Amino acid sequence: MTGAGAARIALSDLVLGAELGGGGQGKVRAVEKRMVNKSWPVVYKEYKPDVQGQLRVDALERMVAFLPGQPPAVGQWLAGHTAWPAVLVSDGPQVSGFLMRQIPDEFFLTMPTGGRKTAGFEFLLNSLTYVNRMVGHVTPRQVFGLLLSFADTLERLHRLGVVAGDLSPKNLLFSLSGPRPDCFLIDCDAMGLSGDWVLKPVQTPGWQLPDGEAPETPEGDRYKFALLAVRLFLHEQHGKDSAALRRMDGAVADLAERGLSRRPTDRPALAAWLDPLRRAFDSAPLTWPTAAQAGPRTATMPTVTMPTPGAPTAGPAPAGTATGSTRPAAARPTTARPTTAPRQPSAPAGARRTTVGGTAPQPPAAPYTSPGGSSSSGGTGSVMGWAVMIGIIVLAVWQVATRMDLGSGGSEAMDTREEQATALHTVLAQNAGRRSGVADAVQSTMNCRGLQENRRVFERAADARADLVGKVDALSLGRLADGLASDLRKAWQSSEDADRAYVRVVDTVSGNCSTPAVTGSRAWRDAASANNDATAAKKDVVAAWNPVAREYGLDTFAWSDL
């Protein structure tokens with residue numbers, strides 16, 4: 001196939017509108033007064049100057065000529081499911097980019113802040129709490145429906161001689177607004193057509209093929225599809241454990257396990273997924289399995305023995321004995337048995353403080369009154385009165401001890417466990433979702449594109465990590481899980497170290513860049529080591545944090561959110 005039939009237009013003939021987005025290769029701008037197929041709004045992808053020098057114009061010409069050369073039904077389907085290059089754009093004698101269909105509205109998300117973002121599968125590869133907040137309630141049935149739609153799209157592309165290659169979750173968009181889940185592919189100029197590639201194929205970090213396998217094959221697409229299927233049910237952007245998928249559908253899990261084979265010939269074709277995914281979509285539940293909830297941490301109150309009138313032995317305390325409990329009266333213990341401390345026990349007089357929920361209740365200051373109504377001032381009543389007062393004092397001391405780390409001093413001694421959890425949640429939520437920009441810059445650096453812009457991304461990310469480390473150091477977290485603060489500090493400190501190592505990578509290869517020079521540099525190895533340390537620490541953090549979060553109704557996180 002040649003590109004002789006590729007449509008062209010001069011850049012000067014375009015009326016360009018607002019910039020809609022950008023990345024390592026270039027930027028995308030709206031085009032006014034033009035439509036694709038007389039139906040869809042148009043955008044212009046303009047390559048960066050350094051990318052234009054690496055562009056295989058002949059391959060791009062063949063891509064542009066490919067769609068109109070198909071039967072009408074095939075061309076209509078391709079234009080309906082992909083942002084396929086439609087028209088070459090020339091700036092003087094040089095091809096500067098191309099026109100393509102604008103992403104349909106249904107493949108956008110409205111953010112909690114009110115802005116709009118493309119609905120990349122990356123949003124679905126997170127904890128359910130995050131997905132619910134950013135996307136809305138997504139059911140297992142809808143996830144199977146999205147996999148079915150994508151498997152069908154990818155299988156049709158393979159029949160047309162098209163290989164996706166870099167199946168990045170950013171380049172695969174989803175919609176849940178129609179009668180059935182649907183997907184839409186962008187960055188189609190990064191795909192292979194009949195073995196030809198417009199630019200050198202790349203792989204998104206975390207989605208690489210095993211053993212250095214080349215990404216330009218249908219077998220590579222099959223591996224990454226299986227990886228996507230597993231991770232959508234793991235609710236994270238990493239991992240290969242198919243157990244969560246198997247709990248939903250054994251037949252689909254079998255396909256995923258075969259698809260993750262290190263031997264490309266063992267991986268099932270996309271057509272083999274279609275019937276099992278249809279059955280899974282028809283039968284899947286509308287709710288996710290309930291995760292085991294971690295109950296609140298409790299403490300045991302000391303036993304206080306009260307003498308009863310006329311008997312020196314231990315027995316039940318008189319009805320109405322004050323305990324300082326904040327529970328309803330009917331639930332308060334009326335005997336001196338051990339019980340569970342309330343989450344916010346009252347403090348003794350002199351230790352009064354205002355909390356988020358108001359002022360902590362105070363222990364009674366009035367003298368004990370016997371059941372008969374008279375003040376206990378002598379004899380057996382006096383003995384009993386003193387015993388009760390001693391019990392109250394012991395109880396008050398114990399309550400202070402459970403609220404304070406005795407001898408530790410400082411503000412932490414007065415923070416409740418819930419307040420510490422809430423403060424930490426604020427910091428964790430501030431950081432969630434920051435890593436995608438760094439991942440893009442790493443990939444761009446590997447391909448020697450936009451080095452100085454990438455350097456600025458790394459520097460900003462490192463500074464942000466350092467700021468987060470400072471915020472962690474300022475928090476009082478002693479009442480939460482052991483080691484949580486130190487693990488979180490290590491996680492973000494290691495991420496900062498990795499980002500600063502990437503800065504050194506750029507400094508090392510600038511002026512003489514190649515992929516082997518990037519990945520063979522000492523700074524690259526330093527970044528990889530720091531990333532491994534960060535990942536291990538982040539996994540420890542979420543393992544400790546999520547039970548605390550469930551205890552107080554706060555957001556849980558996947559380690560990749562950190």
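**A close look at the sheet**

Modeller: In this predicted model, six strands make up an open sheet, arranged in the order β1-β5-β6-β4-β3-β2 with mixed pairing. Its edge strands, each pairing on one side only, are β1 (8-10) and β2 (15-22). Neighbouring strands of the sheet are turned against each other by 35° on average, with direction ignored.

Some conventions first. Residues are numbered from 1 along each chain as its sequence is written, and side-chain values use heavy atoms, leaving out hydrogens and water. As the model is a predicted one, local features need pLDDT of at least 70 and side-chain atom pairs count only at pLDDT 80 or more, whereas totals for chains, interfaces and linings use all residues. Strands (E, at least two residues) and helices (H or I, at least four) are DSSP runs, numbered from the N terminus, and two strands pair if DSSP finds at least two bridges between them.

On the next step, β6 (residues 94-101) is joined by five bridges to β4 (residues 40-47), the two running antiparallel, and V43 has M100 of β6 as its bridge partner.

What surrounds these strands? Four of the five residues of β5 are buried (under 20% relative accessible area, with exposed meaning over 50% and partly exposed in between, for a 1.4 Å probe and protein chains only), so β5 is largely enclosed by the rest of the structure. Helix α2 (residues 57-66) lies across β1, β4, β5 (87-91) and β6, and runs at about 140° to β5; such angles, from 0 to 180 degrees, are taken between the N-to-C directions of axes, which are lines fitted to C-alpha atoms, for helices over the stretch in contact (heavy atoms within 4.5 Å).

Helix α3 (residues 72-81) also belongs in this picture, with G75, W77, L78, A79 and H81 buried. Those buried residues pack against β4 and β6 of the sheet, and also against α2, α5 and β11 (182-185).
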